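Reader: I am new to this structure and would like to go through it with you. Could you show it to me before we begin?

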Amino acid sequence: MAIALAAVNALTKRFGDKVRTPVAFSDKVTGRDELSVTVAREVIADACELLKTEPALAFDFLLDISGVDGYDTNPRYQVDYLLYSFKTGGLLRLKVAVPEEDPTVPSVTKIWRGAEWHERECYDMFGIRFTGHPDLRRILMWDGYPFHPMRKDFPLEGKPSNVPEVAFTEAAPLQGGPFVTVPAEHAADREPRIRENALPADVRDKAKKP
Amino acid sequence: MTETKTTVGYAGKIEDEAIVTQLDAAVDWVRKNSLWPMPMGLACCAIELMSTAASRFDISRFGAEVMRFSPRQSDLMIVAGTVTYKMALAVKRIWDQMPDPKWCIAMGACASTGGMYRSYSVLQGVDKILPVDVYVSGCPPRPEALLDALIKLQEKISREPGLKNLKKTPAANAT
């Protein structure tokens, strides 16, 4: 936590109000004690460069990059960077807000080579483009697949598509689902079921028909 | 010609070293006891498939131990695991490369129906792209279940009019 705080201070010193107030998360049971900070989209690459090169911080390992689709929120998307330092043991989460009308983020592949596949996955699943990425292709789905499946407005069962000679998709039969689990004490209550509130009204009515 | 159900007839006291049978039954008998599987291992079912082939369960007791990793040398495709849409046409292509006569076992829930993956990325059953002879339930099935499927398939092959099928074109021979 001390390293993460020092990192946030260094970021604030360099980028000023482009770095927001950090949010702490700690949990005694799991021993987690983490810091998240939102930075402006245009400085993310420079911020990562600083965090890696500053000897006292030395965030030499990019654990993960993940995309988030807020759907109803504005800006809609968010990209999270989870940084770790083998030298100092510091852990820091950087967040970048990405608007729907211009879903681009500067790439950090020049800082950590491992970001290449993370950014490709993020592009594949959410359609967020990383400018400066050397090879921004889909990584899980195939070239020519027309959708970004982790977006909230993409149905769980998928949509039909066809790329001749490569792959096709069909919508899966959900049988009145999706089946949703909820937090509960007993396993029987947690079991995935059709939850009334989890479904749009028209889907719910269709599922009730015999 | 109706479907043959005749098996190999052997009565040692009468014929001594002679075996009386129909050509169909003889062809089927040869085929069913020497199935060469193409192990289409795509997920955790493949581990059970390996276990089925290994010493404890020993698939060679049923004459199907010659796992060939070339489709051109196999006549039984065991689809063991989740078939994703990305993999689907590759599986189809391997199936097409297998020479006739050929059979298919869909091993486990995923290969049979898509299993728990009611999802945008998973083919909802391998029978959407190729003809399946035997489905095995389980997630993953135990080796005994796969062996049972193999025996079921052998029973199915022994009922086939093998000679009649020989005269058909390969396209008509499918299923």
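This is a predicted model: local features need pLDDT of at least 70, side-chain atom pairs count only at pLDDT 80 or more; totals for chains, interfaces and linings use all residues.

Reader: Thank you. In which loop does P101(B) lie?

Author: P101(B) is in the loop of chain B between α4 and β3. The peptide bond that joins D100(B) to P101(B) is cis, with omega at about -5°.

Reader: And which residues does a cis peptide bond join in chain A?

Author: N74(A) and P75(A) are joined by a cis peptide bond, and omega is about -5° there too. P75(A) is placed in the loop between β3 (61-69) and β4 (77-84) of chain A. In general, most peptide bonds are trans, and most residues other than glycine have a negative phi.

Reader: What is phi for Y71(A), then?

Author: Y71(A) is not a glycine, yet its phi is positive, at about 60°. Y71(A) sits in the loop between β3 and β4 of chain A.

Reader: Is Y71(A) buried or exposed?

Author: Y71(A) is exposed, because 11 other C-beta atoms lie within 10 Å, and the cut-off for exposed is 12 or fewer.

Reader: What about A58(A), what is its phi?

Author: Phi of A58(A) is near 50°, which is a positive value in a residue other than glycine. A58(A) belongs to the loop between α2 (44-53) and β3 of chain A. A58(A) has 17 C-beta neighbours inside 10 Å and therefore counts as partly exposed.

Reader: Let us turn to chain B. How many helices and strands does it have?

Author: Chain B has 8 helices and 4 strands. From the N terminus on, their order is α-α-β-α-β-α-β-α-β-α-α-α. Of the 175 residues in chain B, 38% are buried.

Reader: Which residues have the most contacts inside the largest nonpolar core?

Author: They are M77(B), I78(B), V79(B), A80(B), I105(B) and M107(B), in a core of 39 residues. Among the elements of chain B that give two or more residues to this core are β1 (37-41), β2 (76-80), β3 (103-107) and β4 (134-136).

Reader: What is I105(B) in contact with?

Author: Leaving aside neighbours within four places in sequence, I105(B) is in contact with L76(B), I78(B), D133(B), V134(B), V136(B), A149(B) and L153(B).

Reader: At what angle do the axes of α3(B) and α6(B) cross?

Author: The two axes cross at roughly 75° and come within 9 Å. α3(B) is therefore roughly perpendicular to α6(B). On the side of α3(B), the contact is made by E48(B), L49(B), S51(B) and T52(B), and α6(B) provides P143(B), L146(B) and L147(B). These residues divide into 4 nonpolar, 2 polar and 1 charged.

Reader: How many residues does each chain bring to the contact between chain A and chain B?

Author: Chain A brings 13 residues and chain B brings 9 residues. On the side of chain B, 4 are nonpolar, 3 polar and 2 charged.

Reader: One last point: what are the domains of chain A?

Author: The domain assignment gives domain 1 (2-140) and domain 2 (179-208). Their centres, taken over C-alpha atoms, are 34 Å apart.

How values were computed:
Residues are numbered from 1 along each chain as its sequence is written. Chains are lettered from A and ligands numbered from 1 in the order in which they are written. Two residues are in contact if their C-beta atoms, placed from the backbone, lie within 7 Å. Ala, Val, Leu, Ile, Met, Phe, Trp, Tyr, Cys and Pro count as nonpolar, Asp, Glu, Lys and Arg as charged, and the others, Gly among them, as polar. A nonpolar core is a set of buried Ala, Val, Leu, Ile, Met, Phe, Trp, Tyr and Cys residues joined through C-beta atoms within 7 Å. A residue is buried if 20 or more other C-beta atoms lie within 10 Å of its own, exposed if 12 or fewer, and partly exposed in between; C-beta atoms are placed from the backbone. Axes are lines fitted to C-alpha atoms, for helices over the stretch in contact, and angles run from 0 to 180 degrees between N-to-C directions. Angles under 35 degrees count as roughly parallel, over 145 as roughly antiparallel, 65 to 115 as roughly perpendicular and the rest as oblique. Domain bounds come from an automatic or database domain assignment.
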